[in-house]
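Hi everyone, thanks for coming. Have a look at the model on the screen, and I'll walk you through some of the places I liked.

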Amino acid sequence: MKANKNYQNLQDSYLFATIGQKVKAYSEANSDKKIIRMGIGDVTLPLAPAVVAAMQKAVAEMGEPETFRGYGDYYGCDFLRTAISDYYKKKDAKISHEEVFVSDGAKCDVSNILDIFATGSVALVPDPVYPVYVDTNIMAGNKIIYAPGNEENNFLPMPDEGVKCDIIYICSPNNPTGAVYNKEQLQKWVNYAIAQDAIILYDSAYEAFITDDLPTTIFQIEGAEKCAIEIGSLSKTAGFTGTRCGYAIIPSTLERDGMNLHKMWCRRQATKYNALPYIIQRGAEAAFLPEGLAQNKKNIEYYMQNAKLLSATLDELGIWYSGGKNAPYVWLKCPDGLKSWDFFDMLIEKANVVGTPGAGFGSQGEGFFRLSAFGSKENTTEAMERVKKFLK
Ligand SMILES: *Cc1c(COP(=O)(O)O)cnc(C)c1O
């Protein structure tokens, strides 16, 4: 056989493995120290009671002959597709339930969606960003160009009319920088995409963390239905990182190159996917109904209190950062011009706090560092006291 040699072009993913090794080595040599982990972007609060109750009810249904269900609808159950489209209607984004495709997570959708683009497509990817966009395009044999984020543009790169591309990735609120685009900025991206005949892949995994008056979906932007696919997730917003549920929104009229992308995705999912388990879909539905939404809002507020603690500490220390508002991440500039990994080593040694080196998210991330607000209030408070002591 012949192997997909594109895989040779992937960089080894050292980031979280290296962090794990370094933390292990440090804690073995210093077993008396309490290490506080503020690195990995995983939630810590349990599922909302309304979600658990809905799943328990669904489990019972599966055990009775009258209510048992076998294979589900490839695109998701109507009740969940409707709950999601209703959620979008409340945001003034007119999405019909047929335009919502339920899946087992945003990571899979972000990767799988490349099936409907020609091999060799040009992808415009922000730098720094969630590494999945880069790696999946390399695997698919696509060409990647970068939109550099930096201190000057507050890690919100804007389109450059001279740059030609087919696929545009936007992650807002952004992982790792916590930066969020406003309406005018997203309008420029939409106009650019339409002018280029390109498609925006809009990752809204953190939309529920937005509290300011900022867009929470690309479909709040005029013309987005002509150029955008949105990919959402319940992972961070409803604690589904282990339970799994995401969705893709593809407008039914979205066309390129003589093909209807909505129909292509229908065909793709019908062929390669067999639906998310009914039990999980009932849990996900509950997360979009009033009781579940209110419970999850409380959890998000808990994390955002942590984010406030992080940004207040950096304000006090006079350290530049983005995020901390409308996003569960704080992206800080390493003090004294330190490189990301040097700051990582210093922080674990001096404060016993673990974060994520920015260089792991792209070359523009060098010299920056991500702290996550997904820990406990107690740990976040203690970590910030230690950081203050060490950096003052
Ligand atoms: C965590 C995260 C996701 C969520 O992926 P799932 O597969 O739904 O868990 C998607 N995009 C970004 C940028 C993320 O940080």
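**A walk through the model**

Let's begin at strand β15, residues 368–372, where Thr 356 has Arg 370 as its bridge partner. Before I go on, some ground rules. This is a predicted model, where local features need pLDDT of at least 70 and side-chain atom pairs count only at pLDDT 80 or more, while totals for chains, interfaces and linings use all residues. Residues are numbered from 1 along each chain as its sequence is written, and side-chain values use heavy atoms, with hydrogens and water left out. When I say helix or strand, I mean a DSSP run: H or I over at least four residues for helices, E over at least two for strands, numbered from the N terminus.

Back to β15. Thr 356 sits in β14 (residues 356–357), and β14 pairs with β15 in the antiparallel sense over two bridges. Pairing here means that DSSP finds at least two bridges between the strands. Strand β12, residues 329–333, also pairs with β15, again antiparallel, over five bridges. There, Leu 332 stands opposite Phe 369.

Buried means under 20% relative accessible area, exposed means over 50%, and partly exposed is in between, using a 1.4 Å probe and protein chains only. Phe 368, Arg 370 and Ser 372 point one way, Phe 369 and Leu 371 point the other way, and all are buried.

Next, the open sheet. Its seven strands run in the order β2-β8-β7-β6-β5-β3-β4, with mixed pairing. The edges are β2 (100–103) and β4 (143–148), and each of those pairs on one side only. From one strand to the next, the twist averages 20°. Helix α3, residues 78–90, packs on this sheet and touches β2, β7 and β8, and its direction makes about 120° with that of β2. Touching, or contact, means heavy atoms within 4.5 Å. Angles like that run from 0 to 180 degrees between N-to-C directions, and axes are lines fitted to C-alpha atoms, for helices over the stretch in contact. Inside the sheet, β7 (228–233) and β8 (246–249) pair in the antiparallel sense over four bridges, with Gly 232 opposite Tyr 247 of β8.

Now the inside. In soluble globular proteins, nonpolar side chains tend to be buried together. A nonpolar core is a set of buried Ala, Val, Leu, Ile, Met, Phe, Trp, Tyr and Cys residues joined through side-chain atoms within 4.5 Å. The largest one here has 96 residues, and Ile 168, Ile 200, Ile 218, Leu 234 and Cys 245 have the most contacts inside it. Which helix gives the largest share of this core? That's α10, residues 290–317, with seven residues. A second, separate core has 29 residues, including Val 132 and Ile 229.

Staying with α10: helix α9 (278–288) packs against α10 at an angle of about 75°, with the axes 4 Å apart. The two helices are therefore roughly perpendicular to each other. For the labels, under 35 degrees is roughly parallel, over 145 roughly antiparallel, 65 to 115 roughly perpendicular, and the rest oblique. Among the residues making the contact are Phe 288 of α9 and Pro 290 of α10.

What about disulfides? A disulfide is counted when a pair of cysteine sulfur atoms lies within 2.5 Å, and this structure holds zero. For Cys 77, the nearest cysteine sulfur, that of Cys 245, is 10 Å away. Cys 77 is buried, at 10% relative accessible area.

Most residues other than glycine have a negative phi, and most peptide bonds are trans. The bond from Asp 127 to Pro 128 is cis, with omega near 5°, and Pro 128 is in the loop between β3 (122–127) and α5 (132–139). Ser 172 and Pro 173 are also joined by a cis bond, omega about -5°. As for phi, Arg 244 has a positive value near 75°; this arginine is in the loop between α7 (235–238) and β8, and at 27% relative accessibility Arg 244 counts as partly exposed. Asn 352 has a positive phi too, about 55°, but Asn 352 is buried, at 9%.

That's my tour, so over to your questions!
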